[in-house]
Amino acid sequence: MPTDEPRKSGCESGRWRRAASAAADAAAQALRNGPIGAFTVASIAAGLLLVGWLAFYFLLFIPRGASG
């Protein structure tokens, strides 16, 4: 019974296993080191947000005085 898919030899499946193993090792190494860049970007963004909020507070709200 003919099929459209070619038969895979044992050699080809061994290559796939080695490639999958190498990819798993690379992913494990990346997770061991942690997402340092993401934490850096998030820290910079939070710092800029805080500086902006303080600028609005001291330059806009304080000079207007108390309401009431």
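I take helices here as DSSP runs of H or I with at least four residues, numbered from the N terminus. With that settled, I opened the model, which is a predicted one.

**Overall look.** I counted 2 helices and 0 strands in the chain. Of its 68 residues, 1% count as buried. I got about 6500 Å² for the accessible surface of the chain, with 68% of that belonging to carbon and sulfur atoms.

**Helix H2.** I followed H2 through its 29 residues and found 42 Å from first C-alpha to last, close to the 42 Å expected at 1.5 Å a residue. Where does H2 bend? I found a bend of about 30° at Tyr57. Just after H2, I noted that Gly65 has a positive phi of about 85°.

**Aromatic rings.** I looked for ring pairs and the count came to 2. In one, Trp53 and Tyr57 have ring centres 5.5 Å apart and planes at 10°; 10° is under 30 degrees, so I call the pair stacked. These two residues both sit in H2, 4 residues apart, or about one turn of the helix. Tyr57 also pairs with Phe58, edge-to-face, at 5.1 Å centre to centre and 80° between the planes. I therefore group Trp53, Tyr57 and Phe58 as one aromatic cluster.

**Surface.** Is Tyr57 exposed or partly exposed? At 33% relative accessibility, I put Tyr57 down as partly exposed. Phe58 is exposed at 52%, and Phe56, also in H2, is exposed at 54%. I found all three in a nonpolar surface patch, whose members also include Leu50, Trp53 and Ile62; the patch has about 1100 Å² of accessible area together.

Definitions and conventions:
Residues numbered from 1 in each chain as written. Predicted model: local features only at pLDDT ≥ 70, side-chain atom pairs only at ≥ 80, totals over all residues. Heavy atoms only, no water. Patch = residues over 30% accessible without salt bridge, like charges linked within 9 Å, V, L, I, M, F, W, Y side chains within 5 Å. Areas by Shrake-Rupley, 256 points an atom, 1.4 Å probe, with all protein chains shown as cover. Salt bridge = Lys/Arg side-chain N within 4 Å of Asp/Glu carboxyl O. Buried < 20%, exposed > 50% of the residue type's maximum accessible area, 1.4 Å probe, protein only. Expected span 1.5 Å × (residues − 1). Bend = angle between axes of the 7 residues up to and from the residue. Phe/Tyr/Trp six-rings, centres within 6.5 Å; stacked < 30°, edge-to-face > 60°.
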